[in-house]
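Subject: Two-chain model, handover and notes

Hello,

Here is the model for your files. My notes follow below it.

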Amino acid sequence: MNQFKHIPAGETAFLIKFGNEISEEIHQQIIAYLNAIKANKELMKGVTDLVPSYADLLVYYNPLIFSYKEVLIKLKAAEKSMEVQLDDKARLIEIPVCYGGIYGEDLDIVAAHNKLSPGQVVEIHTSSNYLVYMLGFTPGFSYLGGMDKRIATPRKEKPRTIIPTGSVGIAGSQTGIYPIESPGGWQLIGKTPVKLFDPDNTSPVLLRAGDRIRFVSVNENEFKKIQELIDKGTFQIKIS
Amino acid sequence: MGKATIIQAGALTTVQDLGRWGFQHLGMPVAGAMDTHSIKLANWLVNNPTKEACLECTFVGPEIKFEASCDIAVTGAIIPVFINNKPATQNTTLKIEKSDVLSFGQIQQGLRFYIAFSGGIDVPIMMNSKSTYLRGKLGGFKGRKLEADDEINFNNHVKEAGIKKAPEELLPTFSRNLTVRILPGTEVSRFSANGIKTFLTEEYTISPMSDRMGYRLSGKPIEHLNNADIISSGIPPGSIQIPGDGQPIIMMADRQTIGGYTKIANVIQADIPKLAQMKPGDKLRFKEIKLEQAQELYRKEMIRWDIIKNKT
């Protein structure tokens, strides 16, 4: 049935290849495989890290515990127990965003580029569920799929040297959230007070590959209220 | 708790341990010591657990004033060590008294050296590690390299420990002209026969653009079959990416978790510490070995450590 390729990536890892394209179907197989590995306690004794990406899963292991032949046998055994989950089992996480103004200085640029009103951009941006394909680039940065092409906008010609934490932006047909302050060329349309990366938290990164997120528009007052609750540690993010 | 003041910081002095493993799926790079061999040795010399954090110093050493007594050790690159301007020895336990000043001369061989403090450096543990990840401004000492006037704390649990000396067979070897052993990379099939031949026969020079994230090499361009891009995927330590210009980049400790260039090969883990001691201008060649061999070398390397662990 499944024709995954297991390729040694040095003597401490295997790269499992699921295909050569970015698709939700491939993504779901990767997540199912990852969960099957995690559920296999025997195999996990020797696994040191698991890195899902768009079309591959990199499995790091300790060669002192398993030789590559043993890992391969165990991976293939785990593979048999993988269950591709229906999408409605994925977590759906609501991210409150205050759009425009000082929170998203490029909202008007995105609107003008697409011949829409700023309100229409917000409406379109908040009307999809986005799939978290993988995390990378910076800690907690999620590669999201599923943005409506009607609001696609090229990156800025001159990148900003500082993009504040929580900024929500658009680059081409991608959308994303900056989990830490960093330089970048994305068009900024809003900002979320939710912490996507909090190294002091027991689970330092909010999102996981396989999650779905939905942006919810909040006004400045609501933004500030949520910010206060987050500072107090009492904000409950909506996860369904 | 003991304190030490950084009088001069040196070129690039950071807090590192064996790295932040287990969080790459969250986009968190591993970071950690470049020469994992020398940091383990430094910790052993002062009776620290292997995974304790040390200062990783690069090329130009710091000057440090101690406000409390402490056992320390300096391992890695060969560099003259001074305590209160008097010569001291590398690769052995050094007894430091309150008000002592540790300083360094000019590096003689290698690039990176490690200073271990008995009891370890007291910085917050973030995601199971004390390592500094410079690009993310995270971990270690305030997420950055040390600067003059910084004060670092250490947990000086100076037991009445004796002086340890590193066994000869555990001292690093240095080369400015190294043949690095490799395994085929995950995208080796994306290169032409000529490209692979070039890679395995030509000499490459470490470029000045190299850092803790990657070693950029320059030499005869390596030919792809079509192009250099892949759908971004995970990057193991020591993997050798070949971007469109055909010039190799060896991915080191601070590598990002995911990348989009074809990987022709993977440096075996046993050779990464040797590579970490090489400087811009140094020369490399690549030699392919078998996966069985690489895993055997990995085991041998770890067994060497088991031997010294039992030798106190």
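Let me start with one residue. Lys137(B) is partly exposed because it has 14 C-beta neighbours inside 10 Å. (Buried means 20 or more other C-beta atoms within 10 Å of the residue's own, exposed means 12 or fewer, and partly exposed is in between; C-beta atoms are placed from the backbone.) Lys137(B) sits in the loop between strand E10 (109–117) and E11 of chain B. Helices (H or I, at least four residues) and strands (E, at least two) are DSSP runs, numbered from the N terminus. Leaving aside residues up to four places away in sequence, Lys137(B) touches Gly143(B) and Arg144(B). Contact here means C-beta atoms, placed from the backbone, within 7 Å. Ile39(B) is 98 residues from Lys137(B) in sequence and 22 Å from Lys137(B) in space, C-alpha to C-alpha.

A word on conventions. This is a predicted model, in which local features need pLDDT of at least 70, side-chain atom pairs count only at pLDDT 80 or more, and totals for chains, interfaces and linings use all residues. Residues are numbered from 1 along each chain as its sequence is written, while chains are lettered from A and ligands numbered from 1 in the order in which they are written.

Chain B, sheet

E11(B) belongs to an open sheet of six strands, ordered E7-E6-E9-E4-E1-E11, with antiparallel pairing. Strands pair if DSSP finds at least two bridges between them. The edges are E7 (86–88) and E11 (151–154) of chain B, each pairing on one side only. Neighbouring strands of this sheet are turned by 30 degrees against each other on average, direction ignored. Axes are lines fitted to C-alpha atoms, for helices over the stretch in contact, and angles run from 0 to 180 degrees between N-to-C directions. Within the sheet, E4 (residues 63–66) and E9 (residues 101–104) of chain B run antiparallel and are joined by two bridges. Lys65(B) has Val101(B) as its bridge partner in E9(B).

Chain A, domains

Chain A is divided into domain 1 (5–86) and domain 2 (90–232). The bounds come from an automatic or database domain assignment. The domain centres, taken over C-alpha atoms, are 30 Å apart. Six residues of domain 1 are in contact with five residues of domain 2. On the domain 1 side, H1(A) gives the largest share, three residues. That side divides into three nonpolar, two polar and one charged. (Nonpolar: Ala, Val, Leu, Ile, Met, Phe, Trp, Tyr, Cys and Pro; charged: Asp, Glu, Lys and Arg; polar: the others, Gly among them.)

Chain A, sheet

Four strands form an open antiparallel sheet in the order E1-E2-E4-E3. E1 (5–8) and E3 of chain A are the edge strands, each pairing on one side only. The twist averages 20 degrees from one strand to the next.

Which residues cover the two faces of E4(A)? Asp56(A), Leu58(A) and Tyr60(A) are buried on one side, and Leu57(A), Val59(A) and Tyr61(A) are buried on the other. So six of the six residues of E4 (residues 56–61) of chain A count as buried under the cut-off above. In a regular strand the side chains alternate between the two faces of the sheet.

E4(A) pairs with E2 (residues 13–17) of chain A over five bridges, antiparallel. There Leu15(A) has Leu58(A) as its bridge partner. E4(A) also pairs with E3 (residues 47–52) of chain A, antiparallel and over five bridges. Here Val51(A) stands opposite Leu58(A), and Leu50(A) stands opposite Val59(A). A hairpin of three residues joins E3(A) to E4(A).

Two helices lie across this sheet. H1 (residues 24–39) lies across E2, E3 and E4 of chain A, at about 170 degrees to E3(A). H3 (residues 68–80) lies across E1, E2 and E4 of chain A, at about 160 degrees to E1(A).

Chain A to chain B

The contact takes 37 residues from chain A and 32 residues from chain B. On the chain B side, E15 (229–234), E18 (258–267) and H4 (291–309) each supply at least two residues. H4(B) gives the largest share, six residues. By class, the chain B side has 15 nonpolar, 16 polar and one charged residues.

Best wishes
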